[in-house]
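Please take a moment with the sequence and the model before reading on. The notes below are grouped by topic and are meant to be read alongside the structure.

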Amino acid sequence: MPKRPRPEDNDQEPGSGIVYVLTNEAMPGLVKIGRTTQDDPQVRMDQLYNGATGVPVPFDCVMAVRVENPRSAEKALHAAFGPQRINPGREFFEIDPAQVAALLNVIGFEDVTPEVKEDNKSIPEAELSASERLRKRRPNLNFADMGIPVGSVLHAATGDGEIEVVGERKVSFQGQEMSITQATKLYLQRPYSVAPAPYWIYEGRSLSDIYVETYGGWQDAT
């Protein structure tokens, strides 16, 4: 008897859905790439956190996008980052979120990250506070500590953007002095802030790699 095809064997999924990129303060250096066809992606994030007893703090949504074929998009991302996959049975990858964003830009999407972040209110305040305590333990990015002198130029990991280092924690972007977090937000043209280190390169090396080398296992530097 011919084998009946399973739904998961078909890359095409009717209707649009959401592909999300999550990080967790308890898992520095890792991102989770998944998808949901639910209207509210926060429901899926709650399920991930509540269903994973080994995860001490909630996930944070770095990026959430609506695409026409979420199964196909997720499969393409998993294939692209296969060498960096920690466990074939899990959706965790040892990559920078910027790498995922670069591929999603090719696929085309509707950014729904702000809505997901707003819906984060469904997670109890005590749980969010635990995550924030871990975040505050992370050292602040300091160019002097990282061996990046004033006057150095940082190039965008994707695109042709660049910023100039003008102080230990300041850069110049479009002729204005600001934090690297603000410069990254403006360069990406997003209404929300992201951890900036994955999005910039200094002398051929990711700022995230230099940060980890300097301070240890924290990649989402601010």
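Which residue of strand 5 is the bridge partner of Val65? In this predicted model, the partner of Val65 in strand 5 is Asp111. The protein has 222 residues, of which 43% count as buried, and its secondary structure consists of seven helices and eleven strands.

- Five strands make up an open sheet, in which the order is 4-2-1-3-5 and the pairing is antiparallel.
- Strand 4 and strand 5 (110-111) are at the edges, and each has a single partner strand, so one side of each lacks a neighbour in the sheet.
- Strand 3 and strand 5 run antiparallel and are joined by two bridges.
- As background, the strands of a sheet pair through backbone hydrogen bonds, and such pairing may be parallel or antiparallel.

**Helices against the sheet**

- Helix 3 lies across strand 1, strand 2 and strand 3, and runs at about 10° to strand 3.
- Strand 3 and strand 5, with their two bridges, belong to the sheet on which helix 2 packs, where helix 2 touches strand 1, strand 2, strand 3 and strand 4 and has a direction that makes about 160° with that of strand 2.

**The buried face of helix 2**

- Within helix 2, which spans residues 70-80, the buried residues are Pro70, Arg71, Ala73, Glu74, Leu77 and His78.
- When helix 2 is viewed down its axis, these buried residues fall within an arc of 165°, so they line one face of the helix.
- A general point about α-helices applies here: with 3.6 residues a turn, residues three or four places apart point the same way.
- The cover over the buried residues of helix 2 includes strand 1 (17-23), strand 2 (31-36), strand 3 (60-67), strand 4 (92-93) and helix 3 (97-107).

- Ser206 is part of strand 11, which covers residues 205-206.
- With a relative accessible area of 14%, Ser206 counts as buried because that value is under the 20% cut-off.
- Once neighbours within four places in sequence are left aside, Ser206 is in contact with Asp96, Ala197, Trp200 and Ile201.

**The protein as a whole**

- Among contacts between residues at least 6 apart in sequence, 64% join residues that are at least 24 apart.
- The accessible surface of the protein comes to about 11,600 Å², and carbon and sulfur atoms account for 48% of it.

How values were computed: Residues numbered from 1 in each chain as written. Predicted model: local features only at pLDDT ≥ 70, side-chain atom pairs only at ≥ 80, totals over all residues. Heavy atoms only, no water. Buried < 20%, exposed > 50% of the residue type's maximum accessible area, 1.4 Å probe, protein only. Helix = DSSP H or I, 4+ residues; strand = E, 2+ residues; numbered from the N terminus. Arc of directions from axis to C-beta. Contact = heavy atoms within 4.5 Å. Areas by Shrake-Rupley, 256 points an atom, 1.4 Å probe, with all protein chains shown as cover. Pairing = 2+ DSSP bridges. Axes fitted to C-alpha atoms, helices over the stretch in contact; angles between N-to-C directions.
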